[in-house]
Amino acid sequence: MNSQLPTSAIFLVCIAIAAVLVYLPFLLVGYGRVQAGYDMAAPRAMFDKLPPYAQRAAWAHQNSFENFTIFAPGALMAYVTGVNSTLAVGAAIAFVVVRLFYSIFYIANIPLARSLMFAIGSLCSGILFITSILQVIGE
């Protein structure tokens, strides 16, 4: 029995994992809200009362949404066009890994590492778009 996932499944699994990673930093936002005395009547108004790590977690959460909207179409394009490239699979997996580290570095306040993870993640999304387009035009 072959235990290796087909390429198409890897793209879909990476999309699902990336969707989960969008919400991972929000767990720390929730913890910060508890520490700051959560106000259910005005949850957004208490942002300035959050500890700094929770504020950074909120920003990581927001940025994860923004990057997911770029990655998911790229991975779906690779899936739909039948890309069967080691480069594309590596890009999809790398995106998930670097986005996890992006949030960690953002919350830990390590800007240079965070920026590097952002750049690598953006490159990964770009690779997915390019390999999909090349697949369609027959290159």
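1. Tryptophan 59 is partly exposed, because its relative accessibility is 40%; the classes are buried under 20% relative accessible area, exposed over 50% and partly exposed in between, with a 1.4 Å probe and protein chains only. Tyrosine 106, at 13% relative accessibility, counts as buried.

2. On the basis of the model: it is predicted, local features need pLDDT of at least 70, side-chain atom pairs count only at pLDDT 80 or more, and totals for chains, interfaces and linings use all residues. Residues are numbered from 1 along each chain as its sequence is written, and side-chain values use heavy atoms, with hydrogens and water left out.

3. The whole structure holds 6 aromatic pairs (rings of Phe, Tyr and Trp, the last by its six-membered ring, with centres within 6.5 Å; planes under 30 degrees apart are stacked, over 60 edge-to-face, the rest tilted). Among them is the tilted pair of tryptophan 59 and tyrosine 106, at 6.4 Å centre to centre and 40° between the planes. Tryptophan 59 belongs to helix H2 and tyrosine 106 to helix H3, so this pair ties together parts 47 residues apart in sequence. Helices here are DSSP runs of H or I with at least four residues, and strands are runs of E with at least two, numbered from the N terminus.

4. Phenylalanine 71 and phenylalanine 95 form a stacked pair, with 4.0 Å between centres and 0° between planes. This pair also joins helix H2, through phenylalanine 71, to helix H3, through phenylalanine 95, so parts 24 residues apart in sequence are tied together. Phenylalanine 71 is buried at a relative accessible area of 0%, and phenylalanine 95 is buried at 2%.

5. Ring pairs also link Trp59, Tyr102, Tyr106 and Phe118 into a cluster.

6. Serine 64 is in helix H2 and is buried, with a relative accessible area of 6%. Beyond four places away in sequence, serine 64 touches Leu21, Val22, Arg99 and Ser103, contact meaning heavy atoms within 4.5 Å.

7. The largest nonpolar core has 20 residues, of which Phe11, Cys14, Phe71, Ala92 and Leu128 touch the most other members. Such a core is a set of buried Ala, Val, Leu, Ile, Met, Phe, Trp, Tyr and Cys residues joined through side-chain atoms within 4.5 Å. Helices H1 (7-36), H2 (52-81), H3 (86-107) and H4 (111-137) each supply at least two of its residues. A second, separate core of 7 residues includes Val29, Met46, Ala57 and Ala58.

8. Asparagine 109, in the loop between H3 and H4, has a positive phi of about 60° although it is not a glycine.

9. The unreviewed UniProt entry places "transmembrane region" at residues 9-31, 87-108 and 115-137; positions follow the numbering used here, feature names are shortened, and annotations may be inferred rather than shown by experiment. In the model, residues 9-31 are 100% helix and 0% strand, with end C-alpha atoms 34 Å apart.
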